[in-house]
Amino acid sequence: MNRLKFIVLLTLAGWGVFSLSGCRMVQTGKSQQAEQSMTGPKQAYFPQRDSVPYSSPAGNETKDKLQYTFPTPYQPVRLATHQITQGKREEGRSVRNVVLMIGDGMGLSQISAAWVANRGALNFDHFTHTGFSRTTAANRLITDSGAAGTAMATGQKTLYHSVGVDTLGNRLPSLATLAARKGLSTAVVVTCGLTDATPAAFCSGNADRSREEDIALGYLDCGVDFIFGGGRVQFTQRADGRNLLDEMAARGYQVATSWEATQPVTSGKLIAIFQEGQIPLAAQRGDLFRKASMKAISLLSRNPRGFFAMLEGSRIDDCGHQNDIPLLVNEVADFDQTIGEVLQWASNDGHTLVIVLADHETGGLTLLGGDLKTGFIQGHFSTKDHSGILVPVFAFGPGADNFTGVYENTAIFTKIAQLLELD
Ligand SMILES: [Zn+2]
């Protein structure tokens, strides 16, 4: 009987017409009516799309979105030392720093696709501990990034399409704000707009994630030291006429609108926001995510009390929604190369826990074939939306053993908060 109910629920949840809008989904039909009755009416939401036109990455001359040969494999990093500090440190914590890396929409199939494409070697191979996270929202089996990000950032399940608030709409403190209050340094680095769901869950909150200008206001007082992402228009071209970047500067933030402008900054608070809209996909942005992630670590690691950094490979999800394996493989490869640089730094540091996970899977991707010698990969998608399967959690460093097993996505918050003694 329970199994029958589960199948019915799965069918209902997947039943609807979804428009393709990255992680930000507009759903029509029965379930939206159900959602409206729970959360109030929602306006139709059509986010600005990628300003960079679609261009097929190298190695995909056939323009087939379901198969791909990754042309230039890279070598995963070699970790020189595995001297991970397990013992208690002087101030009592065994973990000084936490780097939480979120692959938006990155299930095991997405990782496996990149593994085949890169000839059977990824930086993921370095992880020593793995677990699984359940992704359901408070009111839906299939989550969106808002509810999933909220669970991980705040420890509470919330409604589909809400972000950074509980099911009643009350703002919740996130790992980033709690860490800042404790005197740790903090960073949020994403490859999407700063008012998109995942960064919003760590820096702001709203019962309706489509209220992006309201969400941008959260950055004024979130206390995060290094903020990197796109979506400048929500800060500077607002209906209320305010310029939030000017206001952040008045509150002591250094504001960088180009990579060059971030280079002289070696201390203090910094918001780096280069694009009016989305940050381009990996093929166009190059190693920007890697550079921004390591900039975060170099800024934050000056604090002897420790740091918390959330680094998101945001666009993996978009490629899943587009059912596009060439784009997807390039996004996961960029994320994996960032993981390599972070792991290399963390393994030398010895006091840093690195956690890599997904908020949900996107696309229902299946691998149908491929070749480890040539990096050829062939797949199939079963949906243009998110799916409801468990997502993997990878951990490395002190405290990594806390992340084995099967648990709710809210446990991500609980485990990190305990290890950093944030409560
Ligand atoms: Zn997502």
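Predicted model: local features only at pLDDT ≥ 70, side-chain atom pairs only at ≥ 80, totals over all residues.

Entry 1, the helix pair. I began with the contact of α3 with α14, in which Gln-110, Ile-111, Ala-113, Ala-114 and Ala-117 of α3 meet Ile-325, Leu-328, Val-329, Val-332, Ala-333 and Asp-336 of α14. Helices (H or I, at least four residues) and strands (E, at least two) are DSSP runs numbered from the N terminus. Sorted by type, the residues of this contact are nine nonpolar, one polar and one charged, where Ala, Val, Leu, Ile, Met, Phe, Trp, Tyr, Cys and Pro count as nonpolar, Asp, Glu, Lys and Arg as charged, and the others, Gly among them, as polar.

For the geometry, I noted that the axes of α3 (residues 108-117) and α14 (residues 325-349) come within 9 Å and cross at roughly 85°. This makes α3 roughly perpendicular to α14, a label used for angles of 65 to 115 degrees, while angles under 35 count as roughly parallel, over 145 as roughly antiparallel and the rest as oblique. The axes are lines fitted to C-alpha atoms, for helices over the stretch in contact, and the angles run from 0 to 180 degrees between N-to-C directions.

Residues are numbered from 1 along each chain as its sequence is written. The mean pLDDT (the predictor's confidence in each residue, from 0 to 100) is 87 for the protein, and 82% of its residues reach 70 or more. I marked residues 7-53, over which pLDDT stays under 50 and for which the model has 64 contacts beyond four places in sequence. I also marked residues 87-91, where pLDDT stays under 50 and the model has five such contacts.

How many of the 10 residues of α3 are buried? I found that eight of them are, so α3 is largely enclosed by the rest of the structure; a residue is buried if 20 or more other C-beta atoms lie within 10 Å of its own, exposed if 12 or fewer, and partly exposed in between. Ser-109, Trp-115 and Val-116 are among the buried residues of α3, and the buried set packs against β3, α13 (316-321), α14, β13 and β14. After α3 comes Arg-119, with a positive phi near 65°.

Three strands form an open sheet in the order β3-β14-β13, with antiparallel pairing, and strands pair if DSSP finds at least two bridges between them. Because β3 and β13 stand at the edges with a single partner strand each, one side of each is left without a neighbour in the sheet. Neighbouring strands here are turned by 20° against each other on average, direction ignored. α3 packs on this sheet, touching β3, β13 and β14, and its direction makes about 5° with that of β13. α14 also packs on the sheet, touching β3 and β14, with its direction at about 50° to that of β3.

I then checked the pairings one by one. Strand β3 (residues 67-69) pairs with β14 over three bridges, and Thr-69 stands opposite Phe-376. Strand β13 (residues 366-371) is joined to β14 by five bridges, with Leu-367 opposite Gly-379 and Asp-371 opposite Phe-376. The hairpin of β13 and β14 has four residues between the strands, and Gly-375 takes a positive phi near 80° there. In β14 (residues 376-380), Ile-377 and Gly-379 make up the covered face, and Phe-376, Gln-378 and His-380 the uncovered one.

Leu-343 lies in α14 and counts as buried because it has 24 C-beta neighbours inside 10 Å. Beyond its neighbours within four places in sequence, Leu-343 is in contact with Val-77, Leu-79, Asn-123, His-126, Val-354 and Phe-396. Leu-343 and His-126 are 217 residues apart in sequence, yet 8.2 Å apart in space from C-alpha to C-alpha.

Terms used. Contact = placed C-beta atoms within 7 Å.
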